[in-house]
Every structure is written in C-alpha cells, then in structure tokens.
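Dear colleague,

Please find the structure below, which I am handing over to you for your further work. My findings are set out after it.

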There are 2 protein chains.
Amino acid sequence: MKMSHLFVQPQKDAGSGAETANHQLLVQAGFIDQLMAGVYTYLPLGLRVLENIRKIVREEVDGIGGQEIHMPALHPSENWKATGAWENVDVLFKLESRTGKEYALGQSHEEIVVPLMKKFIKSYRDLPRAVYQIQWKFRDELRAKSGIMRGREFEMKDMYSFHETQEDFDRFYAEAKQAYLRIFSRLGLIAKVTEASGGSFSKKISYEFMVLTDAGEDIIRYCEQCDFCINLEIVETNAGICPKCGSALREGKASEVGNIFDLGQRYTEIFDAAYATKEGERAYPIVGCYGIGITRAMGVIVEKLHDEKGILWPETIAPFHVSLVTFDGVEDEAGKIYEELQRADIEVLWDDREVSAGNKLADADLIGNPFRVIISKKSLEKGGYEVKRREEKEGGIIVGIEDLIKYLQR
Amino acid sequence: MKMSHLFVQPQKDAGSGAETANHQLLVQAGFIDQLMAGVYTYLPLGLRVLENIRKIVREEVDGIGGQEIHMPALHPSENWKATGAWENVDVLFKLESRTGKEYALGQSHEEIVVPLMKKFIKSYRDLPRAVYQIQWKFRDELRAKSGIMRGREFEMKDMYSFHETQEDFDRFYAEAKQAYLRIFSRLGLIAKVTEASGGSFSKKISYEFMVLTDAGEDIIRYCEQCDFCINLEIVETNAGICPKCGSALREGKASEVGNIFDLGQRYTEIFDAAYATKEGERAYPIVGCYGIGITRAMGVIVEKLHDEKGILWPETIAPFHVSLVTFDGVEDEAGKIYEELQRADIEVLWDDREVSAGNKLADADLIGNPFRVIISKKSLEKGGYEVKRREEKEGGIIVGIEDLIKYLQR
C-alpha cells in the first residue's frame with residue numbers, strides 16, 4: 001500500500017487522556033481512533049492487525065474442532081433473567097425498545113449459546129460439540145483507561161464446548177489449553193497459566209492466561225523456575241515459595257488475555273438443555289467456555305513490544321512485512337522495487353509521501369513493521385538498498401534486489 | 001466438510017412464525033437460527049455465505065478506492081443530538097450507562113464518520129477520500145417479520161466519501177453506481193436503479209438499488225424496455241408511460257438492497273469539519289453515503305433463487321460448490337473422491353451421515369449447493385459418479401474422476 005493513499009497519517013501526539021503505551025502508540029501511529037473512553041474505531045492499519053490476530057485464533061480453534069458461528073449482540077432480557085445475571089452482572093448494558101421490550105447487550109454468550117445448542121443436541125450422538133464466534137461485545141465498565149486493553153466495546157473470541165462426561169470434558173480442556181498456548185506464542189506473547197483457583201480449593205477447573213505487563217490490572221505470583229502461577233485476586237496467599245518446585249515466587253502486574261472456565265451443568269440445567277443418553281435417560285451436557293480478548297491481546301502486544309521510537313510488531317501480525325522508505329528523488333527505482341516485492345508476495349507499506357526523510361524514518365519506526373528498506377541516492381551509490389530489522393539500532397546492510405527478496409522471505 | 005461433523009442438521013420445518021421463504025428455508029436448511037423477531041444467529045453454513053458476500057463487496061469497493069475501517073456500534077449521544085437525529089430517528093436504540101451517560105446504538109454512521117474524518121482531512125490535498133466498514137447495525141423496528149430482510153440487528157456495508165467539488169463527487173458517484181451494479185450481478189441479483197427522486201424534483205442525487213420480489217416492502221414502477229425505475233413511496237405518480245422511452249410501465253413489489261445518497265455539506269457543516277482550500281480558505285467537503293445490506297441481500301437472494309425443494313445458491317456465494325451424497329456402503333470410494341475434490345480446490349460438503357438416501361437427497365436440494373455428486377453402487381456399476389447441477393430436474397450424467405473434476409471446475 002502507498003502511504004499517500006492512506007487517509008490516516010501518523011500524528012505528532014496522541015492527544016490528551018492517553019495514559020497507556022498501547023493507547024498512545026496506536027493512536028499516534030494511526031491504528032485506532034478514540035470515539036470515547038473505552039470505545040475505539042479501528043483504522044486501516046489497525047484493522048489489518050486485528051484480521052491477522054483473528055486468522056491465527058481461527059486456525060488454532062478450528063484445529064481442535066471448533067465450528068464458527070455468529071451470535072447476535074442484542075439479547076432478549078428473558079435469557080439473562082433466567083440465570084440471574086440480569087440483576088447480578090453490573091457491567092451488563094440494558095436497553096428497551098420503543099414498545100417496552102427489554103434487551104441486554106452481549107458481554108458474554110452463555111445465555112444465548114446454551115438455548116441455541118439445546119435445539120441441536122438431542123442425543124449422546126450429538127456430543128461432544130464446540131462452537132465459537134469472533135464478535136464485538138459490550139461492558140458497562142466504570143473505568144476504561146487502559147486503551148484497547150479494557151473497552152466498553154471490544155472484540156472477543158468466545159468458544160463453548162458441550163460434553164457427555166467429565167473425562168471427555170477434561171480431554172477437550174487440555175486440548176484447548178494447548179491451543180491457547182500456541183495462539184499466544186504465535187502472537188509473540190508469553191502467557192502464564194494460573195492454577196485452578198490455587199489448585200485445591202475448588203473441583204472446577206479454571207485457567208487464566210496472564211501476560212506480565214505494568215499496564216495490567218491483575219497481580220499474579222509466579223515461579224521463575226516452573227510453570228506455577230496464581231492470581232492474587234482469586235487466591236489470597238502469603239506463600240513465598242513455589243509449592244510445586246520449592247523455588248522462590250515473584251510477584252508482578254499482569255493482563256488476562258484469555259481464560260477457560262468449567263461451567264459444569266449450571267447453564268444446561270437452567271435452560272433444560274437435556275439430551276438422551278445411550279441408555280435413553282435425560283442428562284445435561286457439561287459446558288466449558290473459552291475466551292480470548294482479540295482487541296485486548298492487540299493492546300498487550302503493544303505494551304510488551306515497543307521501544308522509545310514506536311511499536312515492534314511480531315511478523316505474524318504486523319500490518320505489513322516491510323516499510324519501504326524512499327527519498328532524494330529515487331521514485332522511479334522505488335516504484336520498480338515496490339512492484340517486485342509485491343510480486344514476491346511480500347506485503348509492503350511504501351512511504352511515497354512528500355515529507356522529509358527524518359519524518360519518514362520516524363514514522364516507519366512508529367508504525368513498527370518488522371523490516372525497513374531504504375532506497376536513496378546514497379544506497380544506490382553503494383550498490384543497492386539498505387535493509388534492516390525494525391529492532392536493530394544500527395543502519396542495515398546494502399543488498400541487490402535478489403538478496404533483498406531472499407532476506408525478506410527468510 | 002463432513003456433514004456428520006456439522007453440529008447443525010437440516011430440520012423438518014422452520015418452526016412457527018416463519019412467514020417468508022428466506023426465513024423458512026434458511027432456518028430449515030440450518031443457515032440461521034432465530035433468537036427473537038428480527039435477530040438471528042448465523043450458523044456455520046450461513047456464516048460461509050455471509051463471508052462470500054462480504055468478499056465480493058470488499059473487492060468491488062476496494063476497487064474504487066474505498067479504505068476499510070471498523071467503527072464502534074456504541075455511540076455517544078452528543079453526536080446524535082448534534083444532528084437532531086437523537087429526537088427525530090424513531091428506530092434509534094438508546095441506552096444509558098450505570099453512571100447515567102447516554103448512548104445510541106449505530107443504525108448508520110454519518111454521526112461518527114464525519115467527526116472522525118475531520119481529524120484527517122485538513123487540506124484540499126487530503127481529498128477525495130472514501131472509507132467503509134462491514135458491520136452489524138441496530139434498528140428499533142416496530143415490525144420485523146421478513147426473515148433476515150429486515151432485522152433489528154443486521155450487517156451492512158456502509159461507505160462514506162468526501163469531496164472538494166460537486167464534479168468530483170459526481171465522478172465518484174458514477175463509479176460507485178457501477179461498482180454496485182457489478183456487486184449485485186455477482187450476487188446473482190438483477191438490481192433496478194431508481195431515478196433520483198423521480199429525476200427532476202431535487203438537485204440532490206439519490207439512487208436506490210431495487211430487486212423485484214413479493215417479499216419486498218417497497219413498490220416500484222419500472223419500464224420493461226429501458227432502465228427507468230421509480231419508488232412509489234418517494235415519488236407519487238400515475239404515469240403509465242415511461243418518460244424516457246415511451247414504453248409501458250409495470251408495477252411490482254421490490255426490496256431495497258442498496259442505496260446511495262448525496263448528503264451535501266449538511267454533516268460537515270454541523271460538525272465543523274472544514275478543510276483549507278488551495279486558496280487557503282475554509283470549506284466543507286461534500287459527503288456521499290453508500291449502503292448495501294449484507295444480510296438483507298442474502299435474504300433477497302433466497303427469495304429470488306429457490307424452488308419447491310430448497311435454495312438455489314449462485315456459485316459465487318454458495319456455502320460449498322458441491323454436495324457429495326453417498327449411500328449403499330461406498331464409504332471407502334467416497335472418502336477417496338472427497339479427498340481428490342478437495343485437492344483440486346473444490347469445496348465439498350460430504351453427506352456422510354447415517355440417514356436414508358431419500359433424506360440425503362432432500363437435504364442436498366434444501367441446502368442448495370450448485371452441484372450434486374452421487375456415489376452409489378448403482379453409479380459405480382455404470383462406471384463412475386453421477387453429477388448434475390442443482391437446478392436440473394432430471395438425473396445427471398455418469399463420469400469418471402477426471403471428467404468430474406473438469407466438470408466442476410468449469
């Protein structure tokens with residue numbers, strides 16, 4: 001894409017109220033625009049990142065048998081009253097039609113997916129099942145000051161699984177946990193998995209996938225030697241020693257990028273979503289739910305992967321693979337290279353604007369594509385194009401077109 | 001995909017309250033599920049169709065320079081109060097946070113996109129621009145009985161363009177009109193374009209793209225010989241003769257699948273979204289808006305393209321290219337063919353369920369993929385596989401695997 005075509009240009013600052021790095025950098029680099037606290041527009045570069053994250057999530061969730069659907073955001077109040085959440089969930093947005101019908105806006109979809117699956121799960125032969133969606137959700141948050149890490153409107157992947165037995169449930173649970181770890185790893189994040197309510201206080205399993213970051217709203221205590229990790233909000237403890245391996249525990253702020261809950265038969269019982277067992281008896285499926293905050297993950301990635309100059313996107317989700325920066329009147333040469341890179345299936349953001357060389361270099365660092373290629377009179381005199389990785393502090397190497405393509409395709 | 005894997009199976013009937021063919025057939029064939037009047041879940045087959053429609057819309061809109069973004073659904077009331085729509089638009093859903101902040105749910109995005117573009121259009125050099133999104137919208141409809149043709153929650157492609165001069169606006173307008181006609185044609189629809197408010201009553205251009213269908217809520221009068229067409233709700237007329245070519249006019253019910261409006265400078269003035277002209281003066285861009293109902297188009301396609309047995313999807317948006325139906329214990333042979341077709345990049349829905357041959361054939365017709373392939377002992381005795389197009393009444397021809405692939409790839 002040519003930057004001159006893009007209607008959004010990087011800005012000098014992110015305006016007032018940007019308290020976190022993800023808010024500041026994403027606004028300044030032109031990925032998002034704040035409509036109001038906790039509510040953002042995703043601009044072309046931001047939408048490309050979101051789409052890359054969605055693609056990774058879909059691949060891994062499809063891989064464990066998830067079937068994608070799209071449930072509505074507008075819910076009849078009856079479903080929420082049935083579970084008591086209409087009264088108990090304080091972040092639930094409620095509204096009324098002009099004829100007086102009450103609705104909730106979806107902040108999660110247990111109340112919708114269980115009555116839906118009741119229609120299709122009639123017999124043990126219809127189990128197990130796992131359905132998921134990638135969808136915008138709404139929460140009436142009192143505070144929303146962490147950029148896209150905590151939104152009043154935000155995108156989630158939420159999956160729901162239905163099982164005959166606890167054993168089958170545990171099997172799928174373990175697969176989902178591994179899929180989640182693969183997702184976060186592909187997103188460039190190291191996710192720590194919290195122990196189920198401290199490991200021993202509850203029979204129900206629940207995992208939280210935590211990424212250490214000062215912008216996080218949770219506090220975790222974790223072992224540096226093994227995978228032990230607990231969320232201090234859920235399990236109060238003074239333990240300084242890892243109960244698993246005896247090493248010292250550390251404490252840190254973290255953000256929850258995903259979670260897995262064992263909902264048991266609570267929802268299938270409430271909605272009377274029974275199936276016929278092999279023996280012909282009525283039974284309620286065991287339900288699990290599995291969330292990943294798509295927009296939150298994008299925010300956490302920026303918190304973790306930036307320097308004083310801008311964002312450092314992982315190659316897997318960067319809006320473009322390469323920033324092509326050209327100056328000193330080398331447009332003809334630059335145009336050819338731009339075409340050649342695209343023919344080699346390399347995604348290029350070409351800064352063809354009429355702004356200073358300094359501006360272009362600063363904006364390329366701010367936007368944070370993984371590679372930067374410079375074409376200038378100087379580089380051409382040296383015999384080619386200067387290429388370097390975004391995170392390299394020093395100037396890059398000079399290569400010809402063939403080596404350039406090889407370098408970028410590695 | 002194997003049908004045994006799909007959690008949704010075709011059903012005997014669509015339940016009560018399904019008054020239109022699109023509602024009946026889409027529910028019965030397992031494409032959608034009704035949560036409440038005008039609000040639907042899109043199931044795996046339905047989501048595949050939606051995604052195919054989105055892809056066609058994106059290609060054509062990108063082709064005329066549209067840049068994709070994603071705006072929120074939750075809007076601050078201030079923006080809607082500024083234009084008077086907070087009071088005047090009766091289908092606007094309104095809600096309040098627990099701290100008393102008022103919001104609207106987006107039913108269109110002029111109130112959001114103009115303040116957004118104000119931040120990026122500073123000078124005549126930043127014009128023209130066109131941005132669009134594909135997004136779920138909300139309308140507090142009094143009646144919602146036309147299946148997915150009129151929803152309280154529905155998906156739209158909405159584009160907004162910004163121009164310096166009326167001439168530039170007219171140029172883009174004409175391009176958008178052609179792009180729209182290409183989109184509807186690729187969707188298998190014949191769209192009639194209504195004249196701008198009858199052609200002479202207003203200087204502002206507005207087009208509606210109408211598809212004749214008895215399930216439609218508009219009445220149009222159109223010429224059978226030329227492209228003259230008017231919406232009787234907008235222009236009252238008793239004319240029986242085409243003012244363009246003198247042929248007889250016909251009248252019919254139609255559904256509006258798209259529209260284009262000239263908004264003039266109304267919104268840019270209200271939000272003071274001025275830019276600096278070449279001469280250094282302040283001026284307001286002329287704005288156009290361009291809608292396509294993604295979910296409505298899907299409903300209209302079903303209204304137009306079905307027979308007594310089920311849906312007849314156009315190849316461009318069908319959930320799968322082929323329904324593979326196998327019976328009489330030929331699973332091994334069927335498995336091989338299933339793999340070979342997929343290797344040839346042909347999308348196959350294989351009915352591998354343990355149900356009767358009659359059920360499988362009826363469900364293949366109901367779901368409506370463009371081609372049907374039967375593998376049975378009988379077909380194998382005849383030397384291969386029976387293939388036919390969905391709409392062909394008679395049994396198909398018998399071919400070997402190579403001819404089958406050629407036939408399906410035509």
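Predicted model: local features only at pLDDT ≥ 70, side-chain atom pairs only at ≥ 80, totals over all residues.

Relation of the two copies

Chain A can be superposed on chain B with an RMSD of 0.0 Å, by a turn of 180° and a shift of 0.0 Å along the axis. The two copies are therefore related as by a two-fold rotation axis. Within chain A, the residue that comes closest to this axis is A:Leu95, whose C-alpha lies at 2.6 Å. Of the interface residues of chain A, 97% are also interface residues in chain B, so the copies meet through the same surface.

A sheet in chain B

In chain B, 5 strands form an open sheet with mixed pairing, in the order 20-19-21-22-23. Strand 20 (348-351) and strand 23 (397-399) of chain B stand at its edges; each has a single partner strand, so one side of each is left without a neighbour in the sheet. From one strand to the next, the twist averages 25°.

Strand 21 (residues 371-375) and strand 22 (residues 385-389) of chain B run antiparallel and are joined by 4 bridges. One of the residue pairs is B:Phe371 with its bridge partner B:Arg389 in strand 22 of chain B.

Helix 9 (residues 331-343) of chain B packs on the sheet, where it touches strands 19, 20, 21 and 22 of chain B. The direction of helix 9 makes about 165° with that of strand 19 (322-326) of chain B. Helix 10 (residues 357-367) of chain B also packs on the sheet, touching strands 19, 20 and 21 of chain B, and its direction makes about 175° with that of strand 19 of chain B.

With kind regards

Technical notes. Residues numbered from 1 in each chain as written. Chains lettered and ligands numbered in written order. Pairing = 2+ DSSP bridges. Helix = DSSP H or I, 4+ residues; strand = E, 2+ residues; numbered from the N terminus. Axes fitted to C-alpha atoms, helices over the stretch in contact; angles between N-to-C directions. Contact = placed C-beta atoms within 7 Å. Least-squares fit on C-alpha atoms with pLDDT ≥ 70 in both.
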